[in-house]
Amino acid sequence: GADVLILGAGQAGVQLAAALREGGHDGRILLLGEEPELPYQRPPLSKAYLSGKADAPQLRLRTDAFYAENRIGLRLGARAVRIERAARRVRLASGEALAYGHLVLATGARNRALPVPGAALDGVMQLRTLAEAEALRRRLGTARRAVVVGAGFIGLEFAAVAAARGLEVTVVEALDRPMARSVSPLVAAHLRAAHERAGVRFAFGAAVTRIAGEAGRVAAVETADGRRFPADLVLIGIGVVPNAGLAAEAGLAVADGIVVDALLRTGDPAISAIGDCARFPCRFAAGAPVRLESVQNAADQARCLAARLLGRAAPYAALPWFWSDQGALRLQIAGLSVPHDRAVLRGDPAGGQGFSVFCFRGGRLAGVESVNRPLEHVLARRILERGLDLTPEQAADPAFDLKAHAG
Ligand code: FAD
């Protein structure tokens, strides 16, 4: 048993355990994780790790010694299968029960499956875990033609790495542009052009209906409009599904994520949820509660929850921000830029010096998408965090001193 039992030893769970100890929590902390490896960072899986620039030990969130030194119990390769709220304990797949004082659901998300025939063929892969990244990296060594299903963050990061390694890469996407749910049409067009210059081909408006195989191995991806894209490697990158099953079965509210309030509490005062699995009210969102998938969100929610468990409760109010590396492009997003009703450009996308798109919603700055403009991203974060006024005209004016404005 533990005073604080954390389900999920990912970005959020590990940060919570560390923040509790840093903040002086003296009780027992137990981190439970299904994956066998020491907890690691996922972002490099589709970047430095995939391209061979980093290896698994460099991805670790903390060293092995950190857990022992901080008296953080770590149970890896252990899956929780049931929450027994009345008895305040969690049942593991092994049958063992763990008692808790406070239970934290930091269970993350899993890949959304592509529901078409052939999705289980050899050579059809996904990318969420280190094990999957390892398998994918190995395949990259021999594959010649890759088809990526889904032009989201992970699909495009993978496409950039695969193209740089000399593979023929086609990205098949149901919508009409890349990253339609995450960035403005302007940035989407720029990303598309950059990938095309690197040799990546796109098929938009294409719904995958079947993955064809030969002798159990993937051979091609087929779309509803009758096209056929030959492949010896297929990466499915069509988003994730939050791991909320345990919460739902325990009678907690779930709506594409475990529903929590501004203090990150579920309906049971002894159970909280943080990170990719949680849906929470966000003051930077258009209205309805959101579920975000980012390191920032996982880490900041962990810190917020740690503070509450240490007796310093405050509503979660951190500014969301994201990044993605795609070939030579570093995309950074401050705030929630989608949806927006007006977008203005700062800088020249053709000029090679990077640019930003400032996105406004209801007359207020909602988010800023920067491509190779790290300083502007930092300033944008400051402006959004402080809720400073900024007009579209100011944002678009290269003579307007953004740095002085951000203070
Ligand atoms: P996770 O990191 O998913 O951890 C949850 C853990 O809980 C998992 O290890 C899971 O096995 C475990 N678990 C689930 N259910 C159970 C159970 N019943 N019992 C025991 N254990 C369980 N974000 C960015 O901000 N920038 C990026 O550039 C970026 N790149 C990414 C690239 C890739 C390839 C991926 C996959 C993600 C990327 N992300 C990026 C997203 C980021 O990694 C996630 O938002 C972050 O990991 C969320 O942390 P989490 O702790 O909520 O969930």
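Modeller: A residue counts as buried when its relative accessible area is under 20% and as exposed when that area is over 50%, with partly exposed in between. Keep in mind that this is a predicted model.

Biologist: Thanks! Then why is Arg346 called buried?

Modeller: Its relative accessible area is 7%. The cut-off for buried is under 20%, so Arg346 is buried. You will find Arg346 in strand 22, residues 342-347.

Biologist: What is Arg346 in contact with, leaving aside its neighbours within four places in sequence?

Modeller: Its partners include Phe355, Phe358, Arg373, Glu376, Asp397 and Leu402. Gln394 is also one of them.

Biologist: And what makes Arg346 and Gln394 a polar contact?

Modeller: A polar atom of the Arg346 side chain lies 3.5 Å from the backbone oxygen of Gln394.

Biologist: Now to the loops. Why is Ala215 called exposed?

Modeller: Ala215 has a relative accessible area of 85%. Exposed asks for over 50%, so Ala215 is exposed. Ala215 sits in the loop between strand 12 (208-214) and strand 13 (217-223).

Biologist: Why does Arg71 count as partly exposed?

Modeller: Arg71 has 47% relative accessibility. Partly exposed is the class between buried, under 20%, and exposed, over 50%, so Arg71 counts as partly exposed. Its place is the loop between helix 2 (64-69) and strand 3 (72-76).

Biologist: What makes the phi values of these two residues worth a look?

Modeller: Most residues other than glycine have a negative phi. Arg71, however, has a positive phi near 50°, and the phi of Ala215 is positive too, at about 55°.

Biologist: Which bond joins Val338 and Pro339?

Modeller: A cis peptide bond, with omega about 0°. Most peptide bonds are trans. Pro339 is in the loop between strand 21 (329-335) and strand 22.

Biologist: Let's turn to the domains. How do you know that domain 2 and domain 3 touch?

Modeller: Contact means heavy atoms within 4.5 Å, and twelve residues of domain 2 are in contact with 13 residues of domain 3. The area buried between these domains is about 940 Å², with carbon and sulfur atoms giving 81% of it. On the domain 2 side, Leu186, Val187 and His190 lose the most area, together 49% of what that side buries.

How values were computed: Residues are numbered from 1 along each chain as its sequence is written. This is a predicted model: local features need pLDDT of at least 70, side-chain atom pairs count only at pLDDT 80 or more; totals for chains, interfaces and linings use all residues. Side-chain values use heavy atoms; hydrogens and water are left out. Buried area is the accessible area (1.4 Å probe) that two parts lose on being put together, summed over both. Helices (H or I, at least four residues) and strands (E, at least two) are DSSP runs, numbered from the N terminus. Buried means under 20% relative accessible area, exposed over 50%, partly exposed in between (1.4 Å probe, protein chains only). A polar contact is a pair of N or O atoms within 3.5 Å; within protein, one must be able to donate a hydrogen and the other to accept it, and residues adjacent in sequence count only if both atoms are side-chain atoms.
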